[in-house]
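Work through the exercises below with the model open. Try each task before reading its solution.

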Amino acid sequence: MYETTQREEYFLKAKQTYNDWIWSTWGPEKEEPWKGGITWKTDVNKSKNACSNGPAAIIAARIYTMYDDIMNPGKKPKQAYLQEASKIYAWLRDHLYNPETGKVSDNMNAKGKISPAVYTYNQGTFIGAAHELYKITGDKQYLEEAVNAANYVIDHMSTNNGVLSDATSGDGGLFHGIFFRYFVKLINEPDLNDTTRKKFHDYITRCATVMAENGINKESMLYGGKWWSAPVSTKGVGLTPHLSGCMLMEAMCILKPLPEK
């Protein structure tokens, strides 16, 4: 909201939320078996999840990036946010990310066991965090890790005739949309090599084309989460899958064309 409106109250609310409710759950760094990490939920046995650490790193990095534009950003120094973003991301990478495949596992539980589950939104926020830190630091490792995580989605999770799985309800209906939100920003990154950019550009274009031609009801313009089958006109759809469809279309609106040869 701050990026769109330039109203500082939105930045300050995001900063308050991050400091009071997100960073406050970090660590302790000597606590076994996690040795750091942002806690997922307070009403379950402690679990350190990709879905709490990836977004936390993104928020901290964005606060750092916007800090100088704010008249009164608070007493906490700007550099602290970058240090925290880097620390959160490093924990996520070292504990839940597989550098050989690009897979981001879902969580580490109270016994130190890593869940084998993999979800597109975790891949997406990992990509988003790595990309934000690359833009700040210029460290190529961050960009390489973002690319690796994106390739995992394309090469290992797109088994539905070249697109992602159907997702028709509940929280899971929103997961693909979160991935596309951060994926398109990576595609637009000027430092991406031409081969990778074309692969990513072709992939997101195929996803959008399949959804538009097959998954959207032409009368209601609703998307129900099935790529190859549109919802019938007389039935509603779940909010979360429809939002994923909207987020994919939004991504296509900001996707930059491939450079002319």
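This is a predicted model: local features need pLDDT of at least 70, side-chain atom pairs count only at pLDDT 80 or more; totals for chains, interfaces and linings use all residues.

Residues are numbered from 1 along each chain as its sequence is written, and side-chain values use heavy atoms, without hydrogens and water.

**Exercise 1.** Find the largest cavity and describe its lining.

Solution. 
- A cavity is a set of points on a 1 Å grid over the protein atoms alone where a 1.4 Å probe fits but cannot get out; lining residues have an atom within 4 Å of a point.
- Volume is the space filled by probe spheres set on the points, which are joined across faces, edges and corners.
- The structure holds two cavities of 30 Å³ or more, and the largest has a volume of about 60 Å³.
- Its lining includes His176, Phe180, Trp227 and Leu248.
- Helices H7 (175-187) and H9 (239-254) each give two or more residues to this lining; helices are DSSP runs of H or I, at least four residues, numbered from the N terminus.
- H9 gives the most, with three residues.
- By class, the lining has six nonpolar, five polar and no charged residues; Gly counts as polar, and Tyr and Trp as nonpolar.

**Exercise 2.** Which residues line the second largest cavity?

Solution. 
- About 30 Å³ of space lies in this cavity.
- Arg62, Gly128, His131, Glu132, Lys135, Tyr182 and Lys185 line it.
- Helix H5 (120-137) and H7 each supply two or more of the lining residues.
- H5 gives the most, with four.
- The classes are one nonpolar, two polar and four charged.

**Exercise 3.** How many residues of H7 are buried?

Solution. 
- H7 has 13 residues.
- Of these 13, 11 are buried (under 20% relative accessible area, 1.4 Å probe, protein chains only).
- The buried set includes Phe179, Phe180, Tyr182 and Phe183.
- Among the elements covering them are helices H3 (50-66), H6 (140-157) and H8 (194-215).
- From first C-alpha to last, H7 reaches 19 Å, close to the 18 Å expected at 1.5 Å a residue; the expected span is 1.5 Å times one less than the number of residues.

**Exercise 4.** Is Ser115 buried or exposed?

Solution. 
- Ser115 lies in the loop between strand S2 (107-108) and H5; a strand is a DSSP run of E, at least two residues.
- Ser115 counts as buried because its relative accessibility is 17%.
- Its side chain reaches the backbone nitrogen of Ala117 at 3.1 Å.
- Not counting residues up to four places away in sequence, Ser115 touches Ser105, Asp106 and Asn107 (heavy atoms within 4.5 Å).

Methods
On a 1 Å grid over the protein atoms alone, a cavity is a set of points where a 1.4 Å probe fits but cannot get out, and a pocket is an open set with protein on both sides within 12 Å along at least five of seven lines; lining residues have an atom within 4 Å of a point. Buried means under 20% relative accessible area, exposed over 50%, partly exposed in between (1.4 Å probe, protein chains only). A polar contact is a pair of N or O atoms within 3.5 Å; within protein, one must be able to donate a hydrogen and the other to accept it, and residues adjacent in sequence count only if both atoms are side-chain atoms.
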